[in-house]
Amino acid sequence: MALTLFRGIQTRPLLPYSSAFSARKHVIFCSMQSTQAETSMKTKQQAPSNFTETARAKAVEKVLKDYEAIIGIETHVQLSTTTKAFCSCAYNYGSQPNSCVCPVCMGLPGALPVLNSKVIKCAVMLGLALNCKLSMTSKFDRKQYFYPDLPKGYQISQFDIPIATNGYIDVDLPLEFGGGHRRFGITRVHMEEDAGKLLHTGNRSYSQVDLNRAGVPLLEIVSEPDMRTGIEAAEYAAELQRVVRYLGVSNGNMQEGSLRCDVNVSIRPIGQEQFGTKVEIKNLNSFSAMSRAIDFEIARQAELYNQGKDDEVVQETRLWEEGSQKTVTMRKKEGLADYRYFPEPDLPEVILTEEYVNDIRDSLPELPEMKRRRYEEMGLTMQDVLFLANDVQVAEFFDATIAKVSDIKLAANWIMGDIAAYMKNEKLSINEIKLSPEELSELIASIKSGTISGKIGKEILLELMKKGGTVKGLIEEKDLVQIVDPAEIEKIIDKVIANNPKQLEQYRGGKTKLQGFFAGQVMKESKGKANPGLVNKILLEKLNA
Amino acid sequence: MPDPFHDKEEEDTLSSCKPLSFPVKYRTSSPPPRHATPRRSAPTAAWLSAAAENPNSEILITPCKKMLSSVQNPRILLLHCRRSKPLHHHYAKSIHATPLARPISASLPTSQIQTIQKSILSREKTTRQFTEEFLNRLRLTEPHVKSFLHVSETVLNEADEIDRKIDRNEDVGPLAGVLVAVKDNICTADMPSTAGSKLLENYRPAFDATAVKKLKESGAIIVGKTNLDEFGMGSTTEGSAYQVTANPWNLECVPGGSSGGSAAAVSARQCVVSLGSDTGGSVRQPASFCGVVGLKPTYGRVSRYGLVAYASSLDVIGCFGSSVADAGLLLQSICGHDKLDATSSKREVNDFTSQFISKDYFESQPLKGLRVGVISETLGDGVDQEVVSSIRGAISHLEDLGCSVTEVSLPSFSLGLPAYYVLASSESSSNLSRYDGVRYGNQIVSDELSSLYGGSRANGFGPEVKRRILMGTYALSAGYYDAYYKRAQQVRTVVQKSFKAALDSHDILISPAAPSAAYKIGEKKNDPLAMYAGDIMTVNVNLAGLPALVLPCGFVKDGTASLPVGFQMIGAAFDEEKLLRVGHIFEQTLQGYSFIPPLIADEFIS
């Protein structure tokens, strides 16, 4: 990495406003540059990815006939607590560099950490959600290494007694990848603090340190090496994201780095018991990147084994490059790093009481897996289930809608159809659209009761999502009540038939398909308000009279 | 739930650190963005020592004026500067002429804090008058003793402010007008805090340590920052990167360490009381060497927030005074729970002041029934015979006071020293990782990251600090952890248990504070093991986290003069009150000794 040219590392935590004009200018430049890089990557990636996608899928498919991939994932989840883990600084992503710092998170002499109890709460919640065994007595340890983004020269973490161990997570694979249910083991969950960030200058003559992120609480979740494909790994990570979002402990946002996954991949010939050499992959900024990176890595390793170059698969850390869709060597590990862990003397042990754990257990929300099973039992298809349970806000919207509506399938269809399409177009979340679940149920009820037609329903829905309001109000305001009076419908039909003698002749001459034409004309005449069932029934009678 | 970790209400603590308040401090420093610490103008201590070497030099006048012009009439000052040479001779003479343990019948230690409080509140004397007395003495003795790394320039202004408050009948606090010196490893926002290290030269903290904050709230005046062994690592104060402090009893001797500056400052009456820190004896051993009272509180009694960490599980801020009452009153104002230190205790603190009654009210055997255990391992081989006799003297004095004294054996006692050095070094190797030259301190600029670290640390740390970092790094390394760190922790548990057992059957335990009296400057400087061995009496107490009080009890011969000897009383956890009571009675009834060093004795006799 760019560590060779450190002509003076500089932190400017103490001068955020004064003479640091050049520094600020630089920082802005830096962030602009990185946005540019991101967008250019995105555009670049789209074109080749379709091509490589199929090629890679084929390659992996072929490889997996002879080899088995072993995949384990380390995930860091940034907790969305009000303040940092060991001091009272607030942290907001994207703040001015070194504006969310204090003596504690800057590692000033004499400053001491004090644990934010919300961190424990989040850890216990996640531990329970992941079906882990909780350590009723755990402790913090210091993980020691030197790096400019680590102000104290050690990271406060948990080493030999993590707060939660030995759990599992249940995953439903997407249908397009064959579907199926999987259970992946969770080795451990532990609490630790995040480090700051280095900003490398364009000309690389010096680097700057931003300590805003230093001391932000993280939960590290280590999986068992239970995944076998890129899809499984991505789905594991996606489920973890769902879980932390359902629990509300993190926003789980991968782009902001609130959810970061490092993946360990090794392969071994099918039937072999001994594991192959594992390679760690970093810089995975999306689930699809994770899946693609793993597939690439499996293919790369298999190729080396096939060529007899077994010794070229070495224990190393590789970076996923989105642009070239490849993994490249970041650093080779020369033996194990010695972090000289020892118990953190500045913090007392963490002791949980049964009562505390039970209170948290009792207040856990319904988790994605439970939700999916419930939806499944309600008779929804797997596709519906996966869609609705994917996003906690959507699931909550759905649950609120069906609380008052008996037709569950209809509610699901509305949400997955028109509402999802609208959200996608307008780039809004379900909580940002103006439609409330109550109005959706009202809308569905109005259609079912025949007050309005389905077509009108769609129009009203759009109005509700855009501007809000109530179904009843809109129906009245726009005079949209369905015409269900047969006499009135008859009148309209008579008028339509009278106006189209030619078509009537053709119909009676055997061209019965023209019934659709008449129905359309009737709907048009009634401004869509005529009840379609009645229209068809009466129309048929009249035409065949 | 019963809150084992701090249930930090997030909004609640937002105010405590005020992250936005301190960048402002640095904004004033225009040029140096990297260290962001304004350069200290000509350090006072340097001026003071220059005065000693070169008293008649005209150069002196300028810094004198500069420093004290705001403080008092520059003319008077000039006089002092010119006079300092003859005074020097005078003192040197008086030192050699001092007879052994001069009997001054009428000079039992009295609480200077109580005297000051009484006098200023009754308007018998002003705070300014007291302050000037101390400042004058400081100015005269500092060239010889060199206990300060920095002397505050606002002392007299603060004294005047207290006088004004008294005039306005405002509340001034229990330590009003009391000059307190603070060890330089305790952070002060308005003064440099170097921890005796070159690495932190000119470093100015962004905040006051909790203890300092409490002192200020009690009305105390911080007179300056005292010298120490770099980061508290040493037993002589020779390990300071800046200067060597002398023992006021014999300027050729060390004051002990690492809080040597704080001990010497109280001994030479340059201040009323002082703060030190005690990781393995750094308050108690210099108290013994300098003939003052040293109090090491229970671990957790005083907040460590703002104490530059050496070994976090052992570090305690401690108190020096010239009487037990003063040390106790100082502790009273700095102790108690602090939400910024997760290891500080939430236990209630008793009012110690009730213990410091006048000796006129003592019963004939005021300590009747007190069970005293003499730790038998501390009076055997390797302990100076004269020290042993002083302790024996103290023991018989305790018996006279009604104590029942028995010997108690702590078989694990000798294990404490190696365990201590493993644990303290291990923790220090970690605690000192933050001194990397990146955010503060002197940075050695380099093209490569590892040499930036290497250069800054090689240049900034002294040899003893490097030695301990190396030892600690070794002890924590993979493959050695179990043999060293883990084993030392096991020893620590054994030590804790044996103390617990001994204190179940005794009210207090006693031992010497150090195996010898003060030794010559340079004597052990190149023999770290000999220096470490001197900590044998004190380290066990830190391992067990117990409170201990050292008070002077006699003298040993030092040529024609004499050096004080202190003895240590160890109490049960959080029972400082008992130690202070026993110490006060002991001190107020000990006849025939004066623990005022000859350097300043004339002033006190007259």
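**View 1. An aromatic cluster in chain B of the predicted model.** Ring pairs join Tyr203(B), Phe231(B), Tyr435(B), Tyr440(B) and Phe461(B) into a cluster. Over all chains, the whole structure holds 29 aromatic pairs.

**View 2. Tyrosine pairs around Tyr339(A).** Tyr145(A) and Tyr339(A) pair edge-to-face, 5.9 Å centre to centre and with 70° between the planes. Tyr145(A) sits in the loop between strands S5 (141-144) and S6 (154-157) of chain A, and Tyr339(A) in the loop between S15 and strand S16 (342-343) of chain A, so the pair ties together parts 194 residues apart in sequence. Tyr339(A) also pairs with Tyr341(A): the ring centres are 6.2 Å apart and the planes stand at 70°, so this pair is edge-to-face. Tyr145(A) is partly exposed, at 27% relative accessible area. Tyr339(A) is partly exposed at 28%. Tyr341(A) is buried at 18%.

**View 3. The open sheet of chain A.** Its 9 strands follow the order S3-S7-S8-S11-S2-S12-S13-S14-S15, with mixed pairing. S3 (133-134) and S15 (326-332) of chain A are the edge strands; each has a single partner, so one side of each lacks a neighbour in the sheet. S8 (residues 181-193) and S11 (residues 217-223) of chain A run antiparallel, joined by 7 bridges. Met191(A) has Leu219(A) in S11(A) as its bridge partner. Helix H2 (residues 117-129) of chain A packs on the sheet and touches S3, S7 (164-172), S8 and S11 of chain A. The direction of H2 makes about 20° with that of S11(A).

**View 4. Helix H13 against helix H20 in chain B.** The axes of H13 (residues 385-400) and H20 (residues 576-589) of chain B come within 11 Å and cross at roughly 100°. H13(B) and H20(B) are therefore roughly perpendicular. Ala394(B), His397(B) and Leu398(B) of H13(B) meet Val582(B), Phe586(B) and Thr589(B) of H20(B). The contact residues comprise 4 nonpolar, 2 polar and no charged.

Methods: Residues are numbered from 1 along each chain as its sequence is written. Chains are lettered from A and ligands numbered from 1 in the order in which they are written. This is a predicted model: local features need pLDDT of at least 70, side-chain atom pairs count only at pLDDT 80 or more; totals for chains, interfaces and linings use all residues. Side-chain values use heavy atoms; hydrogens and water are left out. Axes are lines fitted to C-alpha atoms, for helices over the stretch in contact, and angles run from 0 to 180 degrees between N-to-C directions. Helices (H or I, at least four residues) and strands (E, at least two) are DSSP runs, numbered from the N terminus. Angles under 35 degrees count as roughly parallel, over 145 as roughly antiparallel, 65 to 115 as roughly perpendicular and the rest as oblique. Contact means heavy atoms within 4.5 Å. Ala, Val, Leu, Ile, Met, Phe, Trp, Tyr, Cys and Pro count as nonpolar, Asp, Glu, Lys and Arg as charged, and the others, Gly among them, as polar. Two strands pair if DSSP finds at least two bridges between them. Rings of Phe, Tyr and Trp (its six-membered ring) pair if their centres lie within 6.5 Å; planes under 30 degrees apart count as stacked, over 60 as edge-to-face and the rest as tilted. Buried means under 20% relative accessible area, exposed over 50%, partly exposed in between (1.4 Å probe, protein chains only).
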